[in-house]
Amino acid sequence: RATIMIASRNTRLTALVLGTSALAAGLAARAWTGPPADSLAFWVAVCLASELMWIRLPAGQATLSMASCGQFAALLVLPRGQAMVLAAVTGALVEAVVMRKKAQRVVFNSAQAALSVGAASWAFAAAAGPEARLHLMLAQGHLLPFVLAAAAYYVVNTGAVSLAVALSEAITPLKAWRQNFGHAYELLSSGALFSLGVLLAAQYAAAGMAGTLLLALPLLLAHAGYRHASRRGAEGRIEPQGATAA
């Protein structure tokens, strides 16, 4: 029975990976418009740098990186299709070459990252409209589109990963979330990364590439803080505060 349970669980996990990757590829292809943006190479570098700042989570050998900052900034600046492909490709490169994850994990994580970016981009465009100007929105306090985009990214990203961990470890998605994300610092850290992403995009729009370097130190600080909090959580010194998926 143990063998059957493992086989059944792996079959469902494989189905999840294939379904997620097919959905991500189809939506990215449909959303792709025109030639690559002139700034695409810059955003590739930004997303690669943020992907390299990663930590290990307690359950399912899952990992968490600061990539949400770079990806969130990119989706506010780039066309949706390009932002989705950017998230998938940079994530796959780091996970395959640097972190040396298995192919199944690389494919799934790349696909769910693309879906997270796509969902956030759609939510932002729906709330902000086609003529959105980032610096003007911030100056006028028009923050709802940013909040909705961040919520969409977080729900898709954390939900997909928790479901995969649950299938892989034979636990419930709720338990997978509680083990990996069930502490107060998680929400605070995620909010900080999304906030930095907004500032990064706005700074890029207003001052270009050079100005965005001013946010490098806060991102490194966020990474160090989350690594410390995650280590304490794994040691059982942080009580879970709620449930979600990642």
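Here are some notes on the predicted model shown above.

1. **Ground rules.** Residue numbers start from 1 along each chain as its sequence is written, and side-chain values use heavy atoms, with hydrogens and water left out. Since the model is a prediction, local features need pLDDT of at least 70 and side-chain atom pairs count only at pLDDT 80 or more, while totals for chains, interfaces and linings use all residues.

2. **Confidence.** The chain has a mean pLDDT of 80, with 76% of its residues at 70 or more; pLDDT is the predictor's confidence in each residue, from 0 to 100. Going element by element, α5 has the highest mean (94) and helix α11, residues 216-234, the lowest (59).

3. **The two ends.** Keep an eye on residues 1-8, where pLDDT stays under 50 and the model has zero contacts beyond four places in sequence. Residues 237-246 are also below 50, but this stretch has 38 contacts in the model beyond near neighbours in sequence. A contact here means heavy atoms within 4.5 Å.

4. **Overall layout.** You get 11 helices and two strands, in the order α-α-β-β-α-α-α-α-α-α-α-α-α along the sequence. These elements are DSSP runs numbered from the N terminus: H or I over at least four residues for helices, E over at least two for strands. Of the contacts with a separation of 6 or more, 76% come from residues 24 or more positions apart.

5. **Burial and surface.** Of the 246 residues in the chain, 46% are buried. The cut-offs are under 20% relative accessible area for buried, over 50% for exposed, and partly exposed in between, with a 1.4 Å probe and protein chains only. The chain exposes about 12100 Å², and carbon and sulfur atoms supply 66% of that area. Accessible areas come from the Shrake-Rupley method with a 1.4 Å probe, and for residues only the protein chains shown count as cover.

6. **Nonpolar patch.** Trp-32, Leu-52, Val-85, Val-89, Leu-93, Val-97 and Val-98 make a nonpolar surface patch of about 580 Å². The rule for patches takes residues with over 30% relative accessible area and no salt bridge, joining like charges within 9 Å and nonpolar side chains (Val, Leu, Ile, Met, Phe, Trp, Tyr) within 5 Å. Trp-32 sits in the loop between α1 (2-31) and α2 (40-51), and with 34% relative accessibility Trp-32 counts as partly exposed.

7. **Which side chains meet in the salt bridge?** The count is one salt bridge, and the partners are Glu-95 and Lys-101, at 3.5 Å from N to O. The criterion is a side-chain nitrogen of Lys or Arg within 4 Å of a carboxyl oxygen of Asp or Glu. Glu-95 counts as buried at 9% relative accessibility, and Lys-101 counts as buried at 14%.

8. **A phi value to check.** Most residues other than glycine have a negative phi. Arg-100 has a positive one, near 55°. This arginine lies in the loop between α4 (80-98) and α5 (103-128), and Arg-100 is exposed at 69% relative accessibility.

9. **Cysteines.** The model has zero disulfides, where a disulfide is a pair of cysteine sulfur atoms within 2.5 Å. For Cys-47, the nearest cysteine sulfur is that of Cys-69, 9.0 Å away. Cys-47 is buried at 1% relative accessibility, and Cys-69 is buried at 4%.

10. **Some C-alpha pairs.** Thr-11 lies in helix α1 and is exposed, with a relative accessible area of 54%. Its C-alpha is 9.5 Å from that of Leu-167, 156 residues apart along the chain. Pro-173 belongs to helix α8 (residues 173-181) and is partly exposed at 38%. The C-alpha atoms of Pro-173 and Ala-160, 13 residues apart along the chain, are 9.5 Å from each other.
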